[in-house]
Every structure is written in C-alpha cells, then in structure tokens.
Amino acid sequence: MPDPVSHSEDSLFQQMLTVAFKEAQQGLAEGGIPIGAALFTQQGQLLSSGHNRRVQDGDPSIHGETDAFRRAGRQVSYRNLVMVTTLAPCWYCSGLIRQFRIGTLVVGESRNFQGGVAWLRENGIRVIDLDSQECVDLLSGYIAAHPEIWNEDIGELPPA
C-alpha cells in the first residue's frame, strides 16, 4: 500500500527526482544503463548524486544508489535522509537502504522492475513511487535496445 504524500511533499519529491533523472541521462550518454539516484535531507538539501556505472567502469557494484551513497560520505545517521532513484532498487541496493535505515525512498518508477520495494516497506522504510512516465520511457527504451546488459544488471540469465 502506497504511503500518503502531501501536495508540498509531492512537489519536493518531484524536484528531487529531477536530479536523479539527470544522472540517469548522464549514464546513458556515457554508454551505460540509465539509472540515477540522489541522496537528500528531508528539507531537500542535496548531499550527493550518482548513476549506474557498471558498464563504464566495469564494476558490478556501482549501481545508481550505491554511487550516490558513496559520494555522500559518512553520515552519523541516515534515518532522516531521502534516497531518490529513477527505478525501484534491486535487492543489492534495497539491502543498502535497509542496512543503513535510510528513512524515505522515493522511486521514479517500478513498472520496469519491482526490486525490493515491498520488502523495504515491510521493514519500515517509507516508500514513495512517483510512477514517472519519463523514467519508465527512458529505461524501457534502454531495455529494448540492450536486453543482454539489462539482464546482466539484474542478475538474470539471457533468454535461451
């Protein structure tokens, strides 16, 4: 069940998503998977942003969320922070969000991939799915053009 969002929160979350979306576009321009993320305070102060760089760097651990998380540096607590990502986080990134108890997760979309959204909600993380058509279109176009890279990214074997 989706978490309720006030009009002012929705506006703030949309602004935050713009930062993550620009990161996703940058990743695509670099020849990578277009997934972006950013870490904010609850008031909307940007701490860091990043994008999936698995292809560019040849490092399977550099997902959008992990890139943004690493760039934020050490924090005393993550409970009052907001992770914004253009796509529902995979299990790897969901584990990071749960491990550090990031208080709120804002997802651009979860149609192309559900990831660990339900599990995060069950574990007390506030999850807001903005269902952005712009995010859906960006990733679905990439998946159609590069299914083998997408399957690798989500840990699936290519169709036989």
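This is a predicted model: local features need pLDDT of at least 70, side-chain atom pairs count only at pLDDT 80 or more; totals for chains, interfaces and linings use all residues.

Q: Which helix is R121 in?
A: R121 sits in helix α5.

Q: Let me zoom out. How many helices and strands does the chain have?
A: The chain has seven helices and five strands. Starting at the N terminus, the elements run α-β-β-α-α-β-α-β-α-β-α-α. The radius of gyration is 14 Å, close to the 15 Å from the globule rule for 160 residues, so the chain is as compact as a globular protein of that length.

Q: What box do the C-alpha atoms fill?
A: Roughly 45 × 30 × 30 Å, taken along the principal axes.

Q: How much of the chain counts as buried?
A: Of the 160 residues, 49% count as buried. The accessible surface comes to about 8,000 Å², and 51% of that belongs to carbon and sulfur atoms.

Q: OK, the inside now. Which residues touch the most other members of the largest nonpolar core?
A: That core has 18 residues, and M83, I97, I102, L105 and V127 touch the most other members. At least two residues each come from β1 (36–41), α3 (64–72), β3 (81–85), α4, β4 (104–107) and α5 (117–122). The most comes from α3, which gives three residues.

Q: Now helix α4. Is S94 buried or exposed?
A: S94 is buried, because its relative accessible area is 0%. This residue lies in α4, which covers residues 91–99.

Q: And what does S94 touch?
A: Not counting residues up to four places away in sequence, S94 touches P89, G116, W119 and L120.

Q: How about W91, buried or exposed?
A: W91 counts as exposed, since its relative accessibility is 54%. W91 is also found in helix α4. Leaving out residues up to four places away in sequence, W91 touches G115, G116 and W119.

Q: What separates W91 from E148?
A: Their C-alpha atoms are separated by 19 Å, and the two are 57 residues apart along the chain.

Q: Changing topic: which residues of α6 are buried?
A: In α6, the buried ones are C135, V136, L138, L139, Y142 and I143. They cover an arc of only 170° around the axis, which means they are on the same side of α6. On the other side, E134, A144 and A145 are exposed.

Q: What do the buried residues of α6 pack against?
A: They pack against α1 (7–29) and α7 (147–153).

Q: And what does α6 span from its first C-alpha to its last?
A: Helix α6 covers residues 133–145, so 13 residues, and reaches 18 Å, close to the 18 Å expected at 1.5 Å a residue.

Q: One more thing. What is the phi of R101?
A: R101 has a positive phi of about 55° although it is not a glycine. For background, most residues other than glycine have a negative phi. You'll find R101 in the loop between α4 and β4, and at 39% relative accessibility R101 counts as partly exposed.

Q: And the phi of D131?
A: D131 has a positive phi of about 45°, and D131 is not a glycine. Its place is in the loop between β5 (126–129) and α6. D131 is partly exposed, with a relative accessible area of 40%.

Conventions:
Residues are numbered from 1 along each chain as its sequence is written. Side-chain values use heavy atoms; hydrogens and water are left out. Helices (H or I, at least four residues) and strands (E, at least two) are DSSP runs, numbered from the N terminus. Buried means under 20% relative accessible area, exposed over 50%, partly exposed in between (1.4 Å probe, protein chains only). The arc is that of the directions from the helix axis to the C-beta atoms. Contact means heavy atoms within 4.5 Å. A nonpolar core is a set of buried Ala, Val, Leu, Ile, Met, Phe, Trp, Tyr and Cys residues joined through side-chain atoms within 4.5 Å. The radius of gyration is taken over C-alpha atoms; the globule rule is 2.2 Å times the number of residues to the power 0.38. Accessible areas come from the Shrake-Rupley method with a 1.4 Å probe; for residues, only the protein chains shown count as cover.
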